Amino acid sequence: MSNRIGEKRAAGFWPLALVFALFVLFLYGPMITIFVLSFQGPEGGLTFPLRGVSLHWFYKLAEGLGTVDIGAAFRRSLALGAVVMAFTVVLSVLAGLAFRKKLAGSNLLFFVTVASLIMPSIIISLGIGLQFRLLDTGIKEALTAIDATSTLENYGTALGLFTSALGAHLTWTLPFGLLIMFAVFNRFNPAYEEAARDLGATPWQTFRHVVLPLIGPSIVGIGMFGFTLSWDEIARTSQAIGDVNTLPLELQGLTSTVTTPSIYALGTVTTVVSLGVMAAALGAASLLRRRATRRR
């Protein structure tokens, strides 16, 4: 051990420890504050001191916040997060497998994919929204040209939860998934695949029984990233979702109208969902890792 019992710490340890403690407090202090204030009594306000302890504001949240349907927004965010997670996992794994081989233009494709990480999120949202509005215009002109009056009257917009919003979220989640898969396959030992092929395994059997169990924990991590990044995304959703809102957008709108701790209760619920997904992902990754170790 570099720091034995009884040995004095270096002179710079405590100043650095203080800086680290302040950083942790700055990082998690707001979240802890919201947690605490969400459990106030009926007379509680938006600031300290804490006035009683109860679940009153969670009951108020369940009853609804004015005209906003929190339950519907919650379900929309869950559904969108699940679909984004699935697309992120599948596309990232396929791209990781493809990039193991020499591809013409692979470098250009890679940089185009990760470029969305450095582009301002609101610009991407505006661009996607504009594309779908142009698509709306084209569809309406085409329906008018073929005299499809009834279809034109019933047509609303191509902007929606699983069209433009899904695309906007994937511009945020896919680069992370790709970077994780590239790192995984850069460290992957191809000798396992060669041994499977020598034993007569087909390419699909090799992937299913050899590659997939080894990269399983990383796939779980990609899924966690996909869901959590989608779950709390605001900027890329704001101009690309159409007539409905996800839970983060509703939460952002409520901050200027709701003046009770119900808004803190909503923040607590959304954070608990994120922490639950992370815990489930870590548990699944640990289980897959132990299974892979036993198979070896």
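The model is predicted.

**The chain as a whole**

The protein chain contains 12 helices and zero strands. Its pattern along the sequence is accordingly written as α-α-α-α-α-α-α-α-α-α-α-α. The radius of gyration is 25 Å, well over the 19 Å that the globule rule gives for 296 residues, so the protein chain is more spread out than a compact globule. The C-alpha trace spans about 85 × 70 × 35 Å along its principal axes.

Of the 296 residues in the protein chain, 35% are buried. When contacts between residues at least 6 apart in sequence are considered, 72% of them join residues at least 24 apart.

**Helices H4 and H7**

Two packed helices are described by the angle between their axes and the distance between the axes. For H4 and H7, the axes come within 9 Å and cross at roughly 135°. The crossing in which H4 passes H7 is left-handed.

| Helix | Range | Residues in the contact |
|---|---|---|
| H4 | residues 106–114 | Phe-110, Thr-113, Val-114 |
| H7 | residues 164–186 | Pro-175, Leu-178, Leu-179, Phe-182 |

By class, this contact of H4 with H7 has six nonpolar residues, one polar residue and no charged residues.

Technical notes:
Residues are numbered from 1 along each chain as its sequence is written. This is a predicted model: local features need pLDDT of at least 70, side-chain atom pairs count only at pLDDT 80 or more; totals for chains, interfaces and linings use all residues. Side-chain values use heavy atoms; hydrogens and water are left out. Axes are lines fitted to C-alpha atoms, for helices over the stretch in contact, and angles run from 0 to 180 degrees between N-to-C directions. Helices (H or I, at least four residues) and strands (E, at least two) are DSSP runs, numbered from the N terminus. A crossing is left-handed if the near helix is turned anticlockwise from the far one by less than a right angle, and right-handed if clockwise. Contact means heavy atoms within 4.5 Å. Ala, Val, Leu, Ile, Met, Phe, Trp, Tyr, Cys and Pro count as nonpolar, Asp, Glu, Lys and Arg as charged, and the others, Gly among them, as polar. The radius of gyration is taken over C-alpha atoms; the globule rule is 2.2 Å times the number of residues to the power 0.38. Buried means under 20% relative accessible area, exposed over 50%, partly exposed in between (1.4 Å probe, protein chains only).
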